[in-house]
Structures are given as structure tokens and as C-alpha cells.
Amino acid sequence: MAGAAGGRPSVWDIYSSMEYGPAPEGAGPAQAWLETHGRSFGHFVAGKWWKPEGRETASDTNPATGELLATTLQGEPEDVEAAVQAATKAFEAWSRLPCHARARHLHNMARTIQKHQRLLALLESLDTGKPIGEVRDRDAPLVVRHFYHHAGWAQLMGTEMGGWKPLGVVAAVVTWNSPLLPLAWKICPALAMGNTMVLLPPPRARLSALLLAELGAQAGLPPGVLNVLTGEGALAGGLAAHPGVDAVAVAGSVEVGRSLRRATAGGGPRLSLQLGGDTLAIVFDSADLDGAAVGLSDAVSCQRGLAPGPGALLLVQEAVAGALLQRLKMRLGQLRVGDPLDKAMDGGALADEAQRGAIETYVEEARAEGAEIFQAWAALPARGPFYPPTLITGVASTSRCVREEILGPVLVVLPFRTAKEAVVLGNHRPSGLAASVWTENLPLAMEVAQSLQVGTVWINGQNFFDAAAGVGGTKESGNGRDGGKEGLYEYVRPSWQSRPRPGPTELDYKTFAASYGADPPSVPGHSGVACPELEENMPRVDRTYKLYYGGAQKRPEGMASLPVLDPAGNVLAYVADGSAKDIRNAVEAAHKAAPGWGKRAAHTRAQVLYYVAENLELRREEVASRLGALTGAPPEEARREVDLGLERLFHWAACCDKSGGVMQETPLHGTTLRLCQPLGVVGVACPDEHPLLSFLSLLAPAVARGNAVVVVPSPRYPLPALDLCQIFDTSDVPGGVVNIVTGNRDHLSRTLVQHQDVQAMWYFGSPQGSQFVEWASAGNLKRTWVSHGAPRRWEDPAQGAGEEFLYQATQCKNIWIPMGEIFAN
Amino acid sequence: MSARNPGTELDLGSISRVQVNQPAVIRHAEQIQSRRTVKKDWQAAWLLRAVTCIDLTTLSGDDTPSNIHRLCYKAKHPIREDLLRAMNMHDKGITTAAVCVYPARVADAVKALKAAGCNIPVASVATGFPAAQTPLKTKLEEIRIAVEDGAREIDIVINRTLVLTGQWEGLYEEIHQFRQACGDAHMKTILGTGELGSLTNVYKASMVAMMAGADFIKTSTGKEAVNATLPVGIVMVRAVRDFYWKTGNKVGFKPAGGIRSAKDALTWLILMKEELGDEWLKPDLFRLGASTLLADIERQIYHHVTGRYAAYHDLPMA
């Protein structure tokens with residue numbers, strides 16, 4: 001009945017004011033589930049709830065109200081042991097199941113989750129403060145979709161993922177405030193590919209992971225396949241570094257990513273990083289500004305983004321900045337922030353007061369710098385950890401709020417003049433997660449989408465997600481991918497390979513390979529020092545090997561040489577002793593060449609590689625005989641290595657125009673394109689075995705896919721690489737695409753991996769060097785591919801030219817292009 | 001009705017570059033429907049407000065004085081008195097905003113409303129409704145006759161030929177003449193959006209109509225294959241907002257055609273609140289063109305008050 005007492009507005013009051021009323025969603029099912037478990041949870045290990053004695057407990061609360069939801073365990077290192085053991089045991093059978101059986105399991109899990117979708121959505125909303133509408137309409141259906149989609153990949157693993165096998169036990173560490181979707185991102189591909197898992201949900205939102213595990217058991221998942229540990233963040237390091245863990249999949253902050261990269265360095269597990277970074281939005285003067293304003297207000301209010309939090313950096317073309325901001329302010333003023341369980345809320349609660357304080361610090365700092373702050377306070381409830389939708393304008397690109405990611409509903413606005421400037425500004429950031437591009441100009445949209453260094457681009461839209469298209473970033477946002485076929489590669493290894501177990505050693509990272517000139521000196525008078533041979537009383541012209549970068553032979557900055565010995569121990573030649581400065585120069589040269597090379601038509605890149613092969617063939621006998629003289633290989637074997645090298649060149653030339661990307665089958669009305677783009681500059685440290693073949697096997701895929709490389713050839717056998725320089729020069733390889741720096745492999749690798757502007761490091765050397773490369777890559781979170789000292793049979797196509805090389809040489813970007821103009825009649 | 005829109009000079013420069021992104025509009029439409037809701041008393045109050053915005057309409061070949069008479073009485077008593085009383089809303093003057101008929105039935109409607117003793121305006125469609133394929137001269141004459149017969153609102157329908165062939169000046173000129181022919185009667189301009197080819201054309205036609213002096217812009221005649229859809233509404237109310245930002249003149253909006261359920265009515269109110277603000281939630285700036293909508297709203301109100309679902313015969317028909 002209307003008009004009741006007690007401050008409730010009458011129908012007449014509402015009729016007059018036309019305000020929105022409350023629209024609460026009943027939390028009954030979630031509360032009932034919590035009650036069923038006595039509001040007290042243990043770990044979920046080996047298919048059962050498990051409460052080891054003597055553990056402390058933590059309170060899991062509703063961040064919006066502070067209400068206690070349940071207590072969970074604070075796991076201890078021994079618990080990690082038990083969970084990893086359970087997962088290891090389960091792996092035996094799970095990984096051997098026929099693909100179809102695993103597909104059934106995932107399918108059943110999808111069904112079970114779908115049946116309990118409402119419970120899952122309510123629980124996540126209660127636990128995280130995320131609005132129920134968002135969880136119910138977007139997150140939960142996406143979780144279900146991920147399971148169905150990956151049930152498909154489980155079924156097709158045999159045919160689609162030939163040559164790959166599961167990794168083993170995957171530890172998933174999620175520290176984002178809203179863990180449900182990221183958990184599904186990790187669980188689905190890992191299980192589909194035959195791995196078993198140990199999940200560590202974020203300390204502040206542990207419940208959805210526990211529910212997922214229970215639903216898994218209910219769906220008939222074998223015990224131990226999906227285990228959940230709860231605890232503080234400190235547990236993550238121990239879990240990641242546990243020798244029984246074969247891979248670590250992370251969704252967390254950049255800092256978490258760095259520390260786990262260091263914690264796992266040299267231990268042999270694979271690391272798949274899905275880190276922070278705010279979303280980028282670029283609005284051009286050719287955009288539908290109203291469409292953009294709606295999309296951006298959505299990005300501000302919702303925590304559903306790719307990133308751990310809402311908010312974005314908005315670049316707007318100066319000519320339309322005023323018109324866009326007018327529309328944005330209107331929209332932000334319409335947003336409703338409040339009770340997360342209200343169906344009509346755009347924004348919910350933050351994780352806690354600390355997060356609120358952190359946001360406020362950024363905003364106030366910007367205000368103090370003279371920025372203009374617009375905040376939609378009207379929407380906000382009086383109490384609780386809420387923050388109003390905020391727009392910051394008039395800031396400089398040096399401001400902290402521009403450079404750093406704000407985990408809150410804040411849109412920071414920077415103007416730009418031209419499309420070129422927009423791309424430069426957009427890429428001029430350490431992170432690279434996702435971007436939206438707003439323009440009705442198709443050529444512009446596609447060019448900008450190609451040029452942005454991010455993992456996802458939405459054209460005229462925001463926050464499109466689907467299981468069929470991988471999410472992930474570039475640079476400091478981590479390079480892991482979850483979803484789509486590209487995401488499967490995070491959870492498999494080549495079939496021929498066993499898990500490297502180097503056993504991390506105590507390495508002094510500060511001094512490892514830090515000093516230049518550590519190799520034996522090449523002083524004249526040293527025994528075996530060669531002098532130019534006489535031939536018919538004429539000395540042969542001295543041949544001095546130099547460095548090769550920027551398309552020219554260069555003397556080393558250190559002006560020193562190293563001897564190269566033949567099998568008998570005699571000096572065969574001298575090569576330049578490259579130093580950090582030479583690496584610096586070579587990287588610079590590579591960067592000059594990389595953009596142009598990456599943009600070359602695939603056909604042209606193929607032609608260049610074929611030309612290299614052609615010229616190598618011309619010099620087959622000579623190269624083979626020099627190889628024999630260097631390594632002592634019999635002529636037949638040396639010739640075979642040259643021939644295999646030729647075949648590798650052909651293989652990667654063939655791949656130039658066949659693996660650039662595909663169309664992803666997402667529900668988008670339009671097109672979702674996966675581009676496999678070059679990484680940029682790749683550092684490559686070559687192994688000693690098969691020095692010519694391994695050099696070509698590593699160089700060719702990188703170059704074929706549009707990267708520029710800085711190669712450190714085998715220190716023991718550097719000559720084949722250097723001999724090829726002349727061939728590169730005569731085969732139209734543009735200067736700077738291939739750069740060769742000889743010298744101490746570990747010293748030069750150290751410089752390469754510590755170079756902030758090298759995008760990936762491939763290291764085929766010692767276990768210690770591998771460990772160092774992994775550890776030091778935490779600096780800019782570059783991609784690494786290391787051998788851990790394990791040799792590979794380069795002459796075997798599976799090992800020397802597998803799909804693995806293609807995966808390592810590219811990064812995926814998904815571009816979402818909605819379509820639609822046809823209308824009514 | 002609010003102050004008249006005096007219109008402006010035709011300014012094609014401001015609209016020539018506008019491009020409406022259809023997928024973005026469709027997403028926005030979905031969002032509006034999923035992100036906002038009103039429940040319980042709020043729903044009842046909002047539905048009553050919707051009633052006061054209805055142009056209760058009959059536009060049929062078989063309209064006669066008797067069904068026009070019935071329509072007019074329903075306009076005056078849109079919700080059963082006892083239901084309103086239960087919500088304490090019986091004395092708040094809840095009637096529909098207008099009744100809407102063909103020009104030949106205006107006199108019948110005026111007479112019936114006078115007999116019912118109420119001041120609800122009569123709106124008449126005109127200008128060769130619905131196809132607008134009649135000569136300009138007869139269109140103008142049609143308006144004048146309807147006004148003479150007592151119509152206080154004229155729902156003119158634009159010439160789609162001019163839009164589809166890009167003759168924006170011609171369109172402006174025609175609507176301007178309609179406006180003059182209307183005299184003191186308020187002019188609603190029906191765009192026939194289902195026949196305009198693109199949302200960009202919908203936006204441009206909206207702007208030209210407002211520049212030419214439309215007091216309302218209206219989606220459809222109800223006779224096109226596609227009528228009042230939410231995406232079309234979004235584009236039109238954005239045009240209303242842009243015109244207001246540019247000129248300070250408030251133009252009303254009327255979705256019409258295919259609005260049948262109480263839920264539809266709430267969605268349109270939510271759209272107006274979100275896009276234009278509370279001021280556009282009143283009959284002087286918002287109308288719902290509908291014939292069967294009222295019956296569904298009344299049933300929802302019945303359910304709200306009694307907790308039972310009504311049979312159609314429980315409520316008086318229009």
C-alpha cells in the first residue's frame with residue numbers, strides 16, 4: 001500500500017519527484033550457501049574441504065556494509081605442500097584422460113555453474129562490492145561461456161594442439177578485487193589442456209573460488225584436479241616457487257607480477273602474467289561523441305574492465321574536447337553508485353577505505369597541480385567505501401595521475417592534436433592492456449588499432465569480452481593470454497620437452513656476468529696466436545671480424561678482440577669482444593629498423609628470407625668447409641647443417657604470410673580479429689650446439705614475423721653467424737633488422753635483458769644465465785624464453801622449428817570491430 | 001504545453017558531419033533496459049505518470065463518432081477510480097495528455113470531450129498521414145481545417161522523399177510552412193523513422209524539424225514497418241538535447257507506434273530521465289502515442305493495488 005508512514009514516500013511524492021526507488025536483489029541463496037557451511041571455510045583440497053589444525057582465520061566481509069560473511073583459513077606453507085601433492089597426484093590420471101572425457105568434465109562443469117549462476121553472482125557481489133547487475137549480466141554468463149568454449153578446446157586438443165602436451169600442476173594466483181572472471185580465465189584453458197590446478201584467490205575476496213571448487217566437485221571433477229588454498233598474499237611466493245608447480249598463472253598488480261617473476265626465476269615453471277594497467281580511450285573528431293560518452297561513462301563506473309579496476313586514460317582530439325566533456329559530465333552525473341545488491345546501480349563499493357584513500361590521494365594531488373576536477377557526488381551514499389565518478393582535466397602528461405594506474409572510477413583526460421600524436425601518447429606508457437578507439441573513419445580506426453601497443457582494441461565500443469578472444473597485455477601489463485586459441489599455449493609445452501628442473505642456484509644477481517672482459521685475454525704472444533698465413537710467399541689479407549649492426553660492420557666500443565679456437569685449440573680467428581655499449585648501439589639500430597620491417601608486406605619479408613637462402617646456397621660449400629674447420633664436424637655433417645639451415649629459412653619464409661592472424665568467433669555482431677603482431681626488438685643468445693643451424697633457427701622465425709633481432713652468437717663458435725653478415729647485406733635484409741654482437745654470452749645477455757626497451761629475450765645458454773634472464777626480466781616484464789641449460793636437437797624439426805617458435809615470435813592482439821548501419825526499411 | 005519552439009534559421013553546417021554509430025546506440029538501448037528499473041510504489045507512481053503522458057489514439061478507417069466518444073471518456077478516466085483512491089491519487093487529475101484522431105474525426109472528439117466536461121486537447125494527424133504522398137497544397141489545407149475544427153495539436157508527418165534524396169532545405173521549408181499553418185496549435189513532427197534509411201538521417205531530420213519550429217518530434221505514424229524502437233528514441237532525444245544546448249529551446253519528444261506494455265512505457269520514461277532529465281518527464285515535453293498501452297498499465301495498477309491479475313473485462317475499455 002502506498003503512502004505508508006515512516007518516511008517512506010507516498011505514490012504522490014514519487015509521482016511528483018520521479019525519483020528512482022530501491023531495487024534490491026535478495027541475497028538469500030548466497031546467505032543460505034554460507035550458512036550451509038557454517039560460515040566457516042577451509043581449503044578445498046583433493047575434492048574435500050580441509051581444515052588443518054591450528055590455522056588462523058580471516059574474516060571475509062561485505063565491503064559495502066562491513067557485514068561478516070564468513071571466516072576462511074590463513075594458509076601456511078605446509079598447506080601448499082598438501083595442495084600441490086593432491087594436484088600432482090590427480091595429474092597422473094587427468095592428463096591421460098582421452099580428450100573427449102576431459103571435454104565432458106568441462107561441459108558438465110559449465111552446466112553445473114549455469115545451474116547455480118544466480119548464487120555465484122550474488123556471492124561475488126556480496127564479497128567484492130561489485131554491482132549485482134554487472135556480475136549477473138556480464139561476469140557470470142561469461143564464466144559459463146568460458147567453460148563451454150574450453151570444453152570445446154578439450155575435445156579438440158588432439159587435433160588442434162598436436163605437438164603439445166600439458167604442463168602439469170598450474171598455480172593460479174589472482175589478486176584482483178573481483179576474482180570470479182579472472183579465475184575462470186585461468187581454470188578453463190588449464191584444465192582443458194590437461195593440467196591440474198591450485199588456486200589462490202585474493203585475500204579480500206576468497207569466496208567465489210571456494211564456490212567454484214565445490215561446484216567442480218559437484219560436477220564430478222576428479223578429486224585434486226581443482227584445489228583452492230586461502231591465505232594472505234605472502235602465500236603466493238611459496239606456492240609459485242614450489243618445485244611441484246609447473247606453471248604459475250597470475251592476474252594481479254605489476255608489483256605482484258614482478259615479485260613472482262623473481263621468485264620463480266630459474267626454477268623452471270612457466271609464468272603467465274596478466275597484470276595491471278589502465279584502459280586507454282582515444283576519441284577522434286570523427287567520432288560519434290554521444291556513443292563515446294556512453295562507452296566511457298561505462299568504463300568509469302564499471303569494475304568489469306580488463307583491468308583490476310575501473311577508470312581510464314582518455315585522449316581526446318582538441319577540436320572536440322569541449323563537446324565530449326560536456327556529454328561526459330552529463331553522463332557521469334546520471335551514474336548511480338551505491339548498494340551493490342541494488343539491480344539499478346552502475347557502481348558498487350570499493351574494496352575498502354584504503355582503496356578510497358589511495359584514489360583520493362591521486363585526485364587531490366592533481367587538484368593541487370591545478371587540474372580541474374569534476375565529480376558526480378549526487379549519486380553517492382552517505383556511508384561506506386564509495387567514490388564518486390570523477391573526471392580530471394587540465395593535467396600534464398608528467399602528472400602522477402596520468403603516469404600511474406588509479407584503481408578507481410576516475411577518467412583522466414589529455415588532449416591531442418593529430419592521430420599520430422594520439423598513437424604516440426597512447427604508446428608512451430609502461431603498461432599496455434586495452435584501448436578503445438572512437439571514430440567513424442574506418443581507415444583511421446584500423447591504422448590506430450594496428451599501431452597501439454595493447455592486447456585488446458575495441459573500435460567504437462568498450463569492454464567487449466568473450467571466451468573465444470584472448471585477453472592480455474603488452475609491456476608491463478604482462479604478456480599472458482587467457483581465452484581463444486592463443487590462450488591455450490600458456491598451459492602447454494612441446495610434446496618432446498620435459499619440464500626443465502635446473503634447481504635454482506644461489507646466484508648473486510648483482511655481480512652475475514656483470515664484468516666486461518672476463519674471458520681469457522687475447523694478448524699477442526699467447527700460444528697458438530695465429531698470424532696471417534703465407535700463400536705463395538704472399539701473406540693473406542688479415543680478416544678481422546667486427547660486430548654487425550645497423551646494416552654495417554662496426555668496431556667494438558671496447559676495442560678488444562677474443563680468439564676463436566679450432567678443435568685443436570689453435571686460434572682460428574679473432575672476433576670482437578662486444579660490451580654493454582655495443583648492445584646499446586645495436587638495440588638502437590634494431591629499433592630504427594623494427595617499425596618499418598614489421599609493416600613490410602608479409603610477401604616482402606618472405607622474399608628477403610628466400611633471398612638469404614638463395615645466397616647461402618651459392619656459398620654452400622664454403623660455409624660448410626668453414627663450419628667444419630671451426631667445429632671439427634666431418635664435411636658431410638657440416639654440409640648437412642648448412643642444408644638444414646637452408647630448409648629452416650625456407651620454412652620461416654613460408655610462414656611469413658600464413659600466420660598473421662584469424663577471425664575469432666565471438667558473439668559480437670561484427671568482426672573480432674586476432675592479429676599476431678611482432679614483439680619489436682628481440683634479444684637472442686644462441687647456443688653452442690649446431691652453431692649455424694641454431695643461429696638460423698632462432699633468427700629466421702623472429703625476423704619472419706617482423707621483429708628486429710640483436711643476436712649474441714655462440715661464444716665458442718661465433719663465426720658462422722658473422723660469415724652470414726655478408727649474405728644478409730647482399731640479400732636485401734634492411735639494415736638494423738639483424739644485428740650481431742659477439743662476445744661473452746652472459747655478459748651481453750645481461751645487458752640485453754636489463755635493457756628496458758628490448759621486448760623479449762631468448763636465451764639458450766647455461767642454467768645460471770637462464771635464471772638471471774628470468775630474474776632480470778622483471779624490470780620491464782619483457783617476455784623470456786630460456787633453455788635452463790637443457791640442450792635441444794636443432795636438427796629435429798619439432799625441436800628446431802616447431803609452433804613454439806611462432807608463439808615466441810609474436811604477440812596476439814584482438815581487435816573488436818562492431819558492425820551495423822542497415823536499419824528498418 | 002511548454003513555451004513554443006520559435007525555431008531557428010536552417011543551419012546545415014552543424015549537422016552535415018554528424019555520424020551516428022548504430023552499434024553503439026543499440027548497446028546503449030540494451031543498457032538502459034537492463035540497468036534501470038522501478039519497483040513497487042515507484043512502479044505504480046511512474047506508471048501513473050506515464051498515463052498522463054499518453055496521447056490516447058485511434059487512427060483507423062472504421063473510426064466513427066461512437067468509438068471516438070468512448071475513447072474520449074477513457075481519456076478522462078484512464079484508471080478506475082477505486083484503484084486511484086487506494087493509492088490516494090484519485091484527486092490528482094490523472095487523465096491522458098490528449099486524444100489523437102484523424103482530421104475528419106476532430107469535430108467528434110472535440111464534441112465528446114466538451115460533453116465530458118474536460119479540457120483535454122484534441123490532437124489531429126495531418127499532411128497526408130501516414131505516407132505524406134499528397135500535394136503540399138492539400139497538406140497545408142488539411143492542417144488549417146483540423147485547427148478550425150478545434151484541434152489544439154497537429155501531428156504533421158514529414159515528406160520522406162525529401163530526406164532520402166537529401167533535400168534538407170526543402171524539408172525545412174515544408175515543415176516551416178506547416179508550422180505557420182498550425183497557428184496557435186502545437187506542432188508535433190512525425191519523422192516516420194522506419195523509412196529514413198539510417199540513424200544518421202533520423203538525427204538530421206530531427207534537427208531540421210526543430211530548426212523549422214517543431215514543438216515536438218515524434219518517431220512514427222504507427223503505420224511503418226518499424227516504429228518506435230529504443231535506438232531511434234535515443235538518437236532523437238540526443239537531437240532534442242543538442243538543440244536545447246544550442247538554442248535554449250526545449251522541444252518535446254513523442255515515441256509512437258508499437259508501445260503496448262507497461263514495461264515499454266517505463267523504459268521510455270527511463271530513457272527520458274537518463275538522457276534529458278526530469279523536466280522531460282511531463283506531458284508538456286513528453287508524450288506516448290498509443291492505443292492499447294493504457295489497458296496494460298491499468299492492469300498493472302490493478303495488480304499493484306489488489307495483488308491479483310486482472311481480466312480484461314475487469315477494466316473499462318477505451
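Me: How do you know how confident the predictor is in chain A?
Reply: This is a predicted model, and the mean pLDDT of chain A is 93, with 96% of its residues at 70 or more.

Me: What makes Asp41(B) and Arg8(A) a salt bridge?
Reply: Their side chains meet with 2.8 Å from N to O, and the rule asks for a side-chain nitrogen of Lys or Arg within 4 Å of a carboxyl oxygen of Asp or Glu, so the pair qualifies. Across the interface of chain A and chain B the rule finds 7 salt bridges, and 21 residue pairs are in polar contact there, both residues being at pLDDT 80 or more.

Me: Which helices of chain A supply at least two residues each to the side that touches chain B?
Reply: They are H1 (11–17), H6 (132–160), H11 (289–301) and H12 (318–334), and H1(A) gives the largest share, 6 residues. By class, this side of chain A has 24 nonpolar, 11 polar and 16 charged residues.

Me: How much area is buried between chain A and chain B, and which residues of chain A lose the most?
Reply: The buried area is about 4,500 Å², of which carbon and sulfur atoms give 54%. On the side of chain A, Met18(A), Tyr20(A) and Phe823(A) lose the most, together 19% of what that side buries.

Me: Why is the pair Glu476(A) and Arg258(A) called a salt bridge?
Reply: The two side chains meet at 2.9 Å, N to O, and because the cut-off is 4 Å between a nitrogen of Lys or Arg and a carboxyl oxygen of Asp or Glu, the name applies. Across the interface of domain 1 and domain 2 of chain A the rule finds 3 salt bridges, together with 8 residue pairs in polar contact, both residues at pLDDT 80 or more.

Notes
Residues are numbered from 1 along each chain as its sequence is written. Chains are lettered from A and ligands numbered from 1 in the order in which they are written. Side-chain values use heavy atoms; hydrogens and water are left out. Buried area is the accessible area (1.4 Å probe) that two parts lose on being put together, summed over both. A polar contact is a pair of N or O atoms within 3.5 Å; within protein, one must be able to donate a hydrogen and the other to accept it, and residues adjacent in sequence count only if both atoms are side-chain atoms. Helices (H or I, at least four residues) and strands (E, at least two) are DSSP runs, numbered from the N terminus. Ala, Val, Leu, Ile, Met, Phe, Trp, Tyr, Cys and Pro count as nonpolar, Asp, Glu, Lys and Arg as charged, and the others, Gly among them, as polar. pLDDT is the predictor's confidence in each residue, from 0 to 100.
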